[in-house]
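Me: I have just opened a structure that is new to me, and I would like to learn how to read it step by step. Could you take me through it slowly?

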Amino acid sequence: MRLGVDLGGTKTEIIALDDSGRELLRRRVPTVRSYDGTVAAIAELVIAAEKELGGKGSVGLAIPGTISRITGLAKNANSTWLNGRPFARDLEARLERPIRHANDANCFALSEATDGAGKGAHVVFGVILGTGTGGGVVVGGQVLEGAHSIAGEWGHNPLPGMTAEEWAEAHACYCGGRGCIEQWLSGPGLAAEFKRKTGLLHHPLRPPHPSGATATSPASAPHPGEADRDWTAQEIAASDHPEAKAAMTRWMERMGRALASVMNILDPDAVVLGGGLSNIEGLYRDLPRMVERHGFCPETP
């Protein structure tokens, strides 16, 4: 039996497979936002799965960031409570067995290049658009990790071609940079930019907006007892509110700029999108022309 764990910014999920690849079990829990809590939650998922299935298995772990080859400590994780900690060693001690671990975006890219949307393509760039903005590169069926295990990490370059207004709005990233692509294009980044620009809040108890989201303007007072809350990235993407549409136009244009810089260096045969924001239908209609607009591809009509 093989147990695979995906540690995401929002959820932690486990799947159990038999030797033929048949799914035996799948469970998910909210990600715990502390180091000890994360180690415990993963161990509990594994132990509970094995108890339910009546056997032990090998464990593979997809993580944000990576484990340093030099120090053995976690680094570059947007789940910042992991950074600088012996995450893999502690989990191995907790489960009393070796753990295979790899960057989550690399896992995604390899999976898609093997038997997913990038199957048959020689060079695949896999993009995760979710709580973070990750990337992985696969060449000839092999993950390109790089000397420092950071190949494909496009999310921690500054957003290309920032305007004066964007630079003024850019803020520090946990990585130490400013105006990183992840700060603009991740789900939390989209939601934060929308809030800065509009100040709009949702009032969950109001009748639904025609798009399925609830929307108000600052001038409309909430009903007594309502709890204001921020829009989520998914709600912004699904809404036909004019401010939400404007936010998605900005987001899509920035996505085009950011991906064009990757295209100019890598020129992959296929780009595969994953993560929660990859479900935005407009990406597949509008993003290619945005990338072409900013990319170095003079033969494009």
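Predicted model: local features only at pLDDT ≥ 70, side-chain atom pairs only at ≥ 80, totals over all residues.

Me: Is E96 buried or exposed?

Reply: Buried means under 20% relative accessible area, exposed over 50%, and partly exposed in between (1.4 Å probe, protein chains only). E96 has 69% relative accessibility, so it counts as exposed, and it has a positive phi of about 55° although it is not a glycine.

Me: Where is N76, and what is its phi?

Reply: N76 belongs to the loop between strand 6 (74-75) and helix 2 (87-95), and its phi is positive, about 65°, although N76 is not a glycine. Its relative accessibility is 36%, so N76 counts as partly exposed.

Me: How many helices and strands does the protein chain have?

Reply: The protein chain has nine helices and eleven strands. Its C-alpha trace spans about 60 × 60 × 35 Å along the principal axes.

Me: What does the radius of gyration tell me about the protein chain?

Reply: The radius of gyration is taken over C-alpha atoms, and the globule rule is 2.2 Å times the number of residues to the power 0.38. For 301 residues a compact globule would have a value near 19 Å, and the 21 Å of the protein chain agrees with this. Buried residues make up 45% of those 301 residues.

Me: How should I think about the nonpolar core, and which residues have the most contacts inside the largest one?

Reply: In soluble globular proteins, nonpolar side chains tend to be buried together. A nonpolar core is a set of buried Ala, Val, Leu, Ile, Met, Phe, Trp, Tyr and Cys residues joined through side-chain atoms within 4.5 Å. The largest one here has 35 residues, and those with the most contacts inside it are W154, I236, W251, L259 and L287. Several elements each supply at least two residues of this core, including strand 8 (123-129), helix 7 (233-238) and helix 9 (282-294), while helix 8 gives the most, with eleven residues.

Me: Which residues does L259 touch?

Reply: A contact means heavy atoms within 4.5 Å. Leaving aside residues up to four places away in sequence, L259 touches F125, V127, W154, L287 and V291.

Me: Where is V124, and what does it touch?

Reply: V124 is in strand 8, and with 1% relative accessibility it counts as buried. Among the residues that V124 touches, not counting those up to four places away in sequence, are A109, G136, V138 and V272. The C-alpha atoms of V124 and F87, which are 37 residues apart along the chain, are separated by 29 Å.

How values were computed: Residues numbered from 1 in each chain as written. Heavy atoms only, no water. Helix = DSSP H or I, 4+ residues; strand = E, 2+ residues; numbered from the N terminus.
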